[in-house]
Amino acid sequence: MMSRIASFVLRRRNRRKLHWTDVFTYVYLFLGVALMFGPVVWLVLSSFKTQAALQEFPPTFLPLGQISAEVDGFEDPLPLYSVTMADGTVRELAQIRRIGIMAQMVDPANPQEKLQIPIAGREPVREFRLAIENYTKPLQQFSFFRFLRNSVVVTVGATIITLLINSMAAFGLSIYEFRGRNLTLGFIIGTLMIPITVILVPVFLVVTELGMVNSLWGVILPGAATPTGVFLLRQYMLTIPRDLIDAARMDKASEWSIYWRVVMPLSMPALAVLAIFSVMWRWNEFLWPLVVLTRNEVYTLQLGLNAFQGELQVQWHFVLAMTVVTLLPVTIVFAFLQRFITTGIASSGMK
Amino acid sequence: MADLELQNVTKSFGDVRVIHGADLKIADGEFVVLVGPSGCGKSTLLRMIAGLEPATSGDIRIDDETVNHVPASDRGLAMVFQSYALYPHMSVYKNMAFGLENTRMDRAEIKRRVGNAAEMLRLTDYLHRRPKALSGGQRQRVAIGRAIVRDPKIFLFDEPLSNLDAELRVSMRKELAALHADLGGTMIYVTHDQVEAMTLADRIVVLNEGRIEQIGSPLDLYNRPVNQFVAGFIGSPRMNLWECRTESNGDAGIRLHAGSNALPFTVELDQVPDRLVLGVRPENIEVADSGDADLVATVAFSEQLGGETYFYCDIDGLPQITVHQLGQRPITRGQALPLRLQRDQLHLFDVAGPVLKHRAGSAE
């Protein structure tokens, strides 16, 4: 298994020599990985930094914490610094207190001797340390699991409804031929050009009339019909051979069973793509839930995260940590669906 | 099992008329082949019978019931498609059972029927495979099985063998003929291959440019083609058709001039046109002694098939002539070949197409 993975990852054009295209390919791929994966790595590493470390400039790459030392005669552990002395030697000293630009320091090995050091001449001694409290604290205070449940309900519910009604519209627009078919499709695609901010107020009024404010249905339903989804599915369904539809008709299939038992299974790859999109949209959706949901118990994760953003102060360490937590479920879903797509494409191939 | 009748059926796509008034009666249990070159409307006609394409005008009647407005699913017909159109996401069993499940048939009955069909078509070992794991011939049999289990009123075949290789096509052709003998159902079969038409059909319907040219038994069409098109289409290789000048010879008949050659025999016709078309099949031309030859041709090339030989010959002023001879002939390119036409196997056609006379030749 390991050797297969190794031979997969270290593939080359020829078995033996490294061709220049191999070098080019690897450079290109590494660049791509750095570009796409870099910000995520940065986010994850930053989420383990303390609030103070996040404010630091220049920022460090790894989450670091200052080492403290127990010094005789002092109750609390003292932070350690490496200090460049006037004679050029470097010593490791603990700081007792700081007064203006001078710091009063002590050598942990020799606690009697107190030294006055200008703060410019010292560097904190640090080690790799994860600020786990970024995660544990909000998970205790913040009703993470309720928000998670709401987000899952919205995402799963909306995705199922989206797949259903989009595929029905796509079925009608691809399998049936009728006057105005292209015009209808044109209208549907046209709605892509209307940003949500424009229809925010009218949709909100409708949702209010329907009594769906502060209910998850108010988030699920308005966005369920997506022009992108209809278009994507329609284009895919157009590639299903007409003979199959005719064959189903000859087989006495009702229109519903043509849709459900022939067209839907054959559209799996497109449905999987749309499912991924829908999950992504719904999971990350912020503006619309913010408008419809005002009570804490119906908040989705994204709205919950917003709670760490005060008007005057942003608790970045919590925001970052909880962002990582909200990313995890979608990442797992993605990893799963991606496999499904490749098998879907491979198995639907009709000769 | 049913009979079918088409009454003046037409079909237009927009302004383009593709079927011009087709009349056809097919009796119960008959195997009818619709044959014609590509684009002649044969598939469209079949799809109209199936109900997949509405007829523009005219009546389609199954068992004396007009079905023009009955949807395909309710006509009780089954169709085998050129592309097989097997559902790729279903197993062979499911493919065959799908049509029965749609009629809410009892599960045990479905199982029995699919089992029987699979046995008949030697598919029993493949029932749990997906279509893509089958060979072309097996897929074709699944498509046929899907039609058989339904026990339809009429079987429709749309060029079912054209995706198979030559050898398989011959063996599937035999299987289809055997199947028709077993099941005895009414079958309508579309093909562009006149050999398939000749071997399978009880009756052949020849179509050209949306018109039915001739309906008849295979040998009827072969022996008595009603026009130049049917004469050229039925039979392989094609019938030789030469446009000739005529010269009345009084009571002795009509002399023909093919190109620069005066043919040394007469034909008899009531009316004498200026020009006519002489048709003679490749097997009705003999290699003669130079003494009693009608024509002398130059062999352009020959095809030696062992059991039989085809010569393609050039004669001044005539299109290339095909000659069929049994056995092996030691004749080479460029050789002069004296030819004699079998007098009683000549067909005469009007220049515009329709036949004037079959077996038109007479003794010298």
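Me: What helices and strands does chain A have?
Reply: In this predicted model, chain A has 15 helices and eight strands, where helices (H or I, at least four residues) and strands (E, at least two) are DSSP runs numbered from the N terminus.

Me: And is chain A compact or spread out?
Reply: Its radius of gyration, taken over C-alpha atoms, is 29 Å, well over the 20 Å that the globule rule gives for 351 residues, so chain A is more spread out than a compact globule. That rule is 2.2 Å times the number of residues to the power 0.38. The C-alpha trace of chain A spans about 100 × 70 × 35 Å along its principal axes.

Me: How many residues of chain A touch chain B?
Reply: 18 residues of chain A are in contact with 18 residues of chain B, two residues being in contact if their C-beta atoms, placed from the backbone, lie within 7 Å.

Me: Which element of chain A gives the most there?
Reply: That is α10(A), with six residues; α10 (242-250) and α11 (255-266) are the elements of chain A that give two or more.

Me: Switching to chain B, how is it divided?
Reply: Into domain 1 (4-228) and domain 2 (240-357), with bounds from an automatic or database domain assignment. The centres of these two domains of chain B, taken over C-alpha atoms, are 39 Å apart, and four residues of domain 1 are in contact with seven residues of domain 2.

Me: What should I know about numbering and cut-offs?
Reply: Residues are numbered from 1 along each chain as its sequence is written, while chains are lettered from A and ligands numbered from 1 in the order in which they are written. As the model is predicted, local features need pLDDT of at least 70 and side-chain atom pairs count only at pLDDT 80 or more, whereas totals for chains, interfaces and linings use all residues.
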